[in-house]
Amino acid sequence: MTAMRIAFLSTNDNLGGAATVTMRLIEALRERGEDAYMVCARHELKDTPYVYAVSRRRWLRAFMRERLSIFVRNGLRRSRLFKVSSASTGCGVCDMPLVRDADVIVLNWINQGLLSMDDIDRLCSLGKPVVWIMHDLWCATGICHLPGWCSRYIGECGYCPLLGNTDKDGRFTDLSHRVWEQKKGLYSRHPNLHFVAVSRWQQEICLRSNLLGKRTTHILPHAFPVEDYSVNPSAEQLASLREMGINPERRLIVMAAARLDDDVKDLPMAVKALNALAATHPELARECQAVFVGGLRDASMLSDLVMDHVATGQLTSAQLRAVYSAATAVISTSDFETMGATLMEGIASGATAVTFDRGGQRDIVSHAANGYIAAYKDPADFAACLRQALAAPFDRTAQKSSIAARFTAPVIATRFLNILRTL
């Protein structure tokens, strides 16, 4: 059987979670004999023969033009600059033979200058299946990557709260509404554009979206390297933990995020839940150490935490795996999670997960089977679930197996090919 030529389009090849999981899927497909490859803008994997780069100069020009336009419209607010994308500019991917000659085109995270709306329109007009794997919710909204508490995407986006200086002429000249209308036209013109969510929660958001509510949305979780995680720390890992100020003799409670102080992660809720555990079960709390991994600009956010704790800052992949290998529990208090990769990492290392059901967590955590799902925004219930996780953690090897059976790259590659066969 002839191998399928599958072109994956991605802004990055090695920066960010979306790029990482995309490369895992490509490699798993290649191991199955498919001719899968990536076309990207930010090209770091120079020695990978199946990664191809567009003109960096053209991409940078497109990137700067789009960001400058958004910067002007959002009232010159740098803090909001990368929370939205308009796909107003692209860098000529459609003209590359690698893309035009593919049997299937797979869009991944393509924002910040790789593809414009017109580029996507041209790709869909090539007459071949185009699959869009959604690593956030941009496809279902006007311009935001994560709507948060905003529900405008259910109707018609406009008056976007992330712009700040919405056009004075009103909703129907607002940038978010104009891009929303572009997407509506694009989707209606191209039934060969197929959407893939990475979790059931994301699929449910798409069903509520005015843009995607009538489209069939498949589900394909992220491919995860279970084999890279150990359920017991090695001597080298134990030494690494001590260098970071972590006491492996304690019951470690790990919370990790790229930015712990991102409002979505709700670090204050984690502090409340840990303090509730310390108040109700002080002896158990004294046996624990809370470990916070990730960026934290304001260390005072942890000043009210009565439990012994350490904030490590950003860690290398090897250091993070060492932390997880010794963890008893891994927690997430996020308001929203597209997938919940940190929970997957913790469980793959044998830890017991505690979280809210506010996103893709339910696809990873089965209550009382490999973790606990607490009542949303209830620190007392979160503390009660955490007490169970600490007092009677699940078998570490079984924890890893629960992730391996569902999320390894070969499993996800098989599911992806099954999706392609239905197109």
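This note comments on the strands, a pocket and the cysteines of a predicted model.

1. **Seven-stranded sheet.** An open sheet is formed by 7 strands in the order β3-β2-β1-β4-β5-β6-β7, and the pairing is parallel. The edge positions are taken by β3 (51-53) and β7 (217-219); each has a single partner strand, so one side of each lacks a neighbour in the sheet. From one strand to the next, the twist averages 25 degrees.

2. **Strands β8, β9 and β10.** Strand β9 (residues 288-295) pairs with β8 (residues 251-259) through 7 bridges, and the two run parallel. R251 has C288 in β9 as its bridge partner. Strand β9 is also joined to β10 (residues 309-313), again in parallel, by 4 bridges. There the bridge partner of A290 is H309 in β10.

3. **Burial of β9.** Is strand β9 mostly covered or mostly uncovered? It is mostly covered, as 8 of its 8 residues are buried. In a regular strand, side chains alternate between the two faces of the sheet.

4. **Second largest pocket.** The volume of the second largest pocket is about 210 Å³. It is lined by 17 residues, of which W201, I205, R208, F336 and R358 are the closest to its centre. Helix α6 (residues 200-208) gives the most to this lining, with 3 residues. By class, the lining comprises 10 nonpolar, 2 polar and 5 charged residues.

5. **Cysteines.** How many disulfides does the model contain? The count is 0, with a disulfide taken as a pair of cysteine sulfur atoms within 2.5 Å. For C91, the closest cysteine sulfur belongs to C94 and is 9.4 Å away, which is too far for a bond. C150 is likewise in no disulfide, the nearest cysteine sulfur being that of C144 at 6.5 Å.

6. **Exposure of these cysteines.** C91 has a relative accessible area of 3% and is therefore buried, the cut-off for that class being under 20%. C150, with a relative accessible area of 21%, is partly exposed.

Notes: Residues numbered from 1 in each chain as written. Predicted model: local features only at pLDDT ≥ 70, side-chain atom pairs only at ≥ 80, totals over all residues. Heavy atoms only, no water. 1 Å grid on protein atoms, 1.4 Å probe; cavity = no way out; pocket = protein on both sides within 12 Å on 5 of 7 lines; lining within 4 Å. Points joined across faces, edges and corners; volume = space filled by probe spheres on them. Nonpolar A, V, L, I, M, F, W, Y, C, P; charged D, E, K, R; others polar. Pairing = 2+ DSSP bridges. Axes fitted to C-alpha atoms, helices over the stretch in contact; angles between N-to-C directions. Buried < 20%, exposed > 50% of the residue type's maximum accessible area, 1.4 Å probe, protein only.
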